[in-house]
Amino acid sequence: MQISSIIKRAVAGVAAASMLVVVAACGTSRDNKISGGEGGSTIEVVASINQWGSVAKDLGGSHVDVTNIMTKTDVEAHDYEPTSQDVAKFGTAKVVVVNGADYDPWASKAASATKATLVAAAETAGIKEGGNPHVWFSAKVRNSTADAITAAYQKADPSHKDDYAKLNKEWHAKEDQLESKIKDASAKTKGVPYAATESVAWYLADDLGMKDATPTGYAQASTKESEPAPSDVKAFQNALKGGSIKMLVFNTQEADPTTDQITGAAKSVNVPIVELTEQMPKEHANLLDWMSALVDRFAEA
């Protein structure tokens, strides 16, 4: 990621902060909203990214209306700049679900101007700023976030406490199925050395028992959100061509000329490439469905 992205994120944070005064006076839009049942009141929920929004919907059922802010897979997620309309959607929320770990600071700032209960996914598992922020790929974080969302719902709507407990149990049963699938897939993936153009799927690869063989210089540059040196890119290409890397994980949402060089090197020696995005693609019904599909891709690569 380029240094300019850091500047963009800082600008986005300032922009979000400047819009907080507007939040209290504005209601939510129905853009990108997953609606609850008809009749009666529902909990207004805003999720900064659609993958956590899908979890929020699954755990709330007909008792919640969920609005997702970031939904597109064709923009750089780390550079997202919220609009005044985005920030205004937090105005009537009772529960706000953000990713945390400095992935979406603009959302946390927008929520701070409201009385909404804030659920920060990364923080539910003790992952702070500076840690790998792509926490939805982690089984541990998915579980802890689901429980935090359920607790927020039960606080906001105690009359349906038992309903939320039932939905939570059903969600965990599906997560358990996913984790069983990950365990089975690890029979093929355990110990397999892989490299990544960005550490977006590190948690999933770790759950699959894979070995991160991304060249150190390139990995450090990616972590610091800076451009890798030409020597780092060359080392990555050489590692691919030398056979020490058996799989390449490519985040298509962060494609640029540098990743073109790396994927080109992988293709030249037939190293399997697993392509993925940060935001959940529209063809998947929810986060668990998406993760299940990705497990299949890793196992088949």
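## Overview

The model is predicted. The protein chain has 301 residues, and buried residues make up 54% of them. Its secondary structure comes to 13 helices and nine strands. Among contacts between residues at least 6 apart in sequence, 69% join residues at least 24 apart.

## The four-stranded sheet

Four strands form an open sheet in the order β7-β6-β8-β9, and the pairing is parallel. The edge strands are β7 and β9, the latter covering residues 273-276, and each of these two pairs on one side only. The table lists the pairings between the strands.

| Strand pair | Sense | Bridges |
|---|---|---|
| β6 (residues 193-196) and β7 (residues 211-212) | parallel | two |
| β6 and β8 (residues 247-251) | parallel | three |
| β8 and β9 | parallel | four |

How many of the residues of β8 are buried? Five of its five residues are, and the strand counts as mostly covered. Both faces of β8 are covered, with M247, V249 and N251 on one side and L248 and F250 on the other. Two of these residues can be followed across to β9. The bridge partner of V249 in β9 is V274, and that of F250 is E275.

## Helices beside the sheet

Helix α9, residues 202-207, makes a right-handed unit with β6 and β7. Helix α12, residues 257-268, makes a right-handed unit with β8 and β9.

Helix α13 packs on the sheet and touches β8 and β9. The direction of α13 makes about 165° with that of β9.

## The nonpolar cores

The largest nonpolar core has 70 residues. Which of them have the most contacts inside this core? They are W52, F137, Y153 and F298. The largest share of the core, seven residues, comes from helix α13, which spans residues 287-300. Apart from this core lies another, of 12 residues, including V233, F236, A239 and I245.

The surroundings of W52 can be listed, leaving aside its neighbours within four places in sequence. W52 is in contact with A47, V97, V98, N99 and A121, and also with V135, W136, V141, R142, T145 and L287.

## Aromatic pairs

A pair of aromatic rings is described by the distance of the centres and the angle of the planes. A search of the whole structure finds seven aromatic pairs.

One of the pairs is formed by W136 and F137, with 5.7 Å from centre to centre and 40° between the planes. This pair is tilted, and both W136 and F137 are buried. W136 and F137 also belong to one aromatic cluster together with Y103 and W290. These two residues have been met above: W136 is among the contacts of W52, and F137 is one of the residues with the most contacts inside the largest core.

Another pair is formed by W202 and Y203, with 5.3 Å from centre to centre and 85° between the planes. This pair is edge-to-face.

Technical notes. Residues are numbered from 1 along each chain as its sequence is written. This is a predicted model: local features need pLDDT of at least 70, side-chain atom pairs count only at pLDDT 80 or more; totals for chains, interfaces and linings use all residues. Side-chain values use heavy atoms; hydrogens and water are left out. Buried means under 20% relative accessible area, exposed over 50%, partly exposed in between (1.4 Å probe, protein chains only). Two strands pair if DSSP finds at least two bridges between them. A crossover is right-handed if, with the strands pointing away from the viewer, the path from the first strand over the helix to the second runs clockwise. A nonpolar core is a set of buried Ala, Val, Leu, Ile, Met, Phe, Trp, Tyr and Cys residues joined through side-chain atoms within 4.5 Å. Contact means heavy atoms within 4.5 Å. Rings of Phe, Tyr and Trp (its six-membered ring) pair if their centres lie within 6.5 Å; planes under 30 degrees apart count as stacked, over 60 as edge-to-face and the rest as tilted. Axes are lines fitted to C-alpha atoms, for helices over the stretch in contact, and angles run from 0 to 180 degrees between N-to-C directions.
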